[in-house]
Amino acid sequence: MIRATAAVVLREWRVQRRYPVSMVNLAFLTPLYQLALPTLLLGSAFVVGGSAVGLSRQTGTSDLAGWIGAGVLTATLLVGAVTSVYETLEADRQTGVIEHSWASPAPRQAFVLGGVLTGSLFGTVSSIVLLTIAVTLLHGSFALPGVLLSLPVLLLMLAGNCGYSYLVGAAVLVLREADVIVELPTLLVMLFSGVFFPLTLLPAAARLPTYILPDTWELDLIRHLTLATRPLAPVAAEVAAAVATAAAWLAIGVWAFLSTERRLRAAGTLAQF
Amino acid sequence: MNRLPHEAAAFAATVRKEWQVMMRYWPNTTMLLLETVLMPLAYWAQAMGFEGGSASASHAFTQRSGTQSVAGFIYLGWAVYMWISTMIWGPGMWLRRERMQGSLESLFLTPVSRFTLLFAPSVAQLFPTALEFTLAGLMMRFAFGVPLGAGQIAGGVIVMLASVPVLFALGGLVGVLVMRVRDSAGVGAAIRGLVAILCGVTYPIAILPGWVHPISYALPVTQVLNALRGTVLDSPAIPGLWSRCLLLLALGAAIGALAVVLLGLTMRSISRTGRLGQF
């Protein structure tokens with residue numbers, strides 16, 4: 001499993017290297033211009049005398065760059081994992097190699113895991129660059145003990161993203177044009193995880209669905225630990241919720257992917273698109 | 001021989017073909033429409049988070065954007081952004097797709113003009129664009145209570161019609177550009193990103209550093225955005241409406257002519273080197 005996953009990661013790295021503009025775009029420019037800059041500039045439009053007074057009232061921190069930076073980190077890791085899995089499976093199918101790859105004794109999960117790891121690696125590099133910019137140029141400030149405590153939270157995030165990516169993998173296998181079906185739920189997951197806006201803005205009833213998303217708890221924990229924002233719930237409860245939701249998404253994702261794969265193998269429609 | 005009827009037939013056939021492809025993959029259009037509603041909603045919620053109920057923060061936004069209507073500002077910006085995105089990924093990538101599918105060489109053996117090749121695919125995209133702007137208008141009027149009278153709506157439609165040539169021309173220019181590069185998806189995304197950053201789609205340009213302002217204001221998409229926001233969110237009898245529309249039409253004609261000339265040069269270069277079918 002480990003060797004097969006590493007081989008998928010290596011292959012994806014070689015593919016990305018062949019298209020350097022796309023690689024830079026995927027890993028760095030897209031999070032920068034689609035999320036970080038628009039959010040930062042929109043936030044700057046509400047700054048009064050150099051202070052984000054509105055954000056401070058809403059979340060407990062006036063560190064605009066730091067608050068956005070944590071959101072960009074979460075979004076970049078999620079989108080990186082999902083996009084990589086989607087493109088790995090879709091490219092294999094379109095170039096006609098998926099049946100050959102899957103005829104090998106490599107576990108099917110390796111193709112998803114390899115995609116998740118590739119996307120997460122790109123996402124991590126991109127996030128480090130963006131967070132460095134936030135700290136050095138925009139005076140974002142993250143508490144160092146909080147950063148260290150956030151590392152296990154990031155591992156939980158990886159597990160949750162992995163579960164979601166398995167679901168995406170299942171959708172790609174079943175559907176002919178899955179990009180629409182993948183993009184919209186991914187956007188909704190980002191929206192309702194608090195990446196774009198503080199979830200406290202939502203009415204109580206609308207906030208309930210956000211609680212089943214692992215990223216909601218993990219992002220809130222990271223912001224609380226590093227920026228001292230007000231948490232949505234007591235920290236112990238947030239940790240328990242983060243573990244439970246990440247485990248649940250992973251289990252459901254693996255089950256959905258494997259059962260879809262079995263069904264397609266029986267029907268003989270794996271390579272159809 | 002009068003070529004006009006034949007050219008018109010080729011133009012109509014290209015539009016019909018693009019329409020059929022668009023209808024075949026209708027979920028993509030549905031996704032675009034959902035994005036037209038949802039993404040500005042996210043930016044609006046974000047703006048509310050940044051405003052945080054603070055009157056001074058709200059006043060700061062009004063000073064910088066020139067309007068009190070956060071929702072109107074964002075929805076109009078995003079609708080134009082979706083339009084330019086549609087032009088980049090649709091007509092802008094059309095010649096590239098023909099190349100990948102192996103039909104570009106056959107296409108160029110026909111006597112169809114460069115004008116038809118560049119601009120006919122854009123016509124079919126007017127349908128989703130009209131739906132996007134209608135949805136944006138409905139959201140502004142009924143979800144956020146932006147006061148949209150007949151004057152504002154008529155002014156907005158006039159600006160949109162005047163913007164059609166410049167948007168078609170930009171799509172054509174991207175189409176020519178991606179004929180020369182292998183990594184067309186990366187180039188398309190980079191152009192889209194530059195538009196998002198420099199043209200003030202979801203935030204006022206006043207926020208950008210001073211040295212960026214001349215670049216931002218010189219871009220045609222910024223002109224479209226400013227004309228649309230000025231007409232729809234300000235007084236309907238805005239004095240500069242017609243001059244703005246004339247400017248947009250002139251920009252469209254100039255960029256469109258440039259795209260046609262560049263396509264000719266590119267095709268000659270590619271034909272000489274035998275790379276017409278390569279990608």
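**View 1. Confidence along chain A of this predicted model.** The score here is pLDDT, the predictor's confidence in each residue on a scale from 0 to 100. Chain A has an average pLDDT of 86, and 96% of its residues score at least 70. Because this is a predicted model, local features need pLDDT of at least 70 and side-chain atom pairs count only at pLDDT 80 or more, while totals for chains, interfaces and linings use all residues. Residues are numbered from 1 along each chain as its sequence is written, with chains lettered from A and ligands numbered from 1 in the order in which they are written.

**View 2. The helices of chain A.** Here you can follow eleven helices and zero strands; helices (H or I, at least four residues) and strands (E, at least two) are DSSP runs, numbered from the N terminus. The C-alpha trace of chain A spans about 65 × 40 × 30 Å along its principal axes.

**View 3. Where chain A meets chain B.** In this view, 36 residues of chain A contact 38 residues of chain B, a contact being two C-beta atoms, placed from the backbone, within 7 Å. The side of chain A that touches chain B draws at least two residues from each of α2 (20–44), α3 (53–59) and α8 (179–191). The most come from α2(A), which gives 14 residues. By type, this side of chain A holds 23 nonpolar, ten polar and three charged residues. Ala, Val, Leu, Ile, Met, Phe, Trp, Tyr, Cys and Pro count as nonpolar, Asp, Glu, Lys and Arg as charged, and the others, Gly among them, as polar.

**View 4. Tyr75(B) and its neighbours.** Leaving aside residues up to four places away in sequence, Tyr75(B) touches Pro40(B), Ala136(B), Met139(B) and Met140(B).

**View 5. Two loop residues with positive phi.** Most residues other than glycine have a negative phi. His139(A), although not a glycine, has a positive phi of about 60°, and it lies in the loop between α6 (109–136) and α7 (144–174) of chain A. His139(A) counts as exposed because it has 12 C-beta neighbours inside 10 Å. Ala228(A), also not a glycine, has a positive phi of about 60° and sits in the loop between α10 and α11 (235–267) of chain A. Ala228(A) is partly exposed, with 15 other C-beta atoms within 10 Å. For these labels, buried means 20 or more other C-beta atoms within 10 Å, exposed 12 or fewer, and partly exposed in between, with C-beta atoms placed from the backbone.
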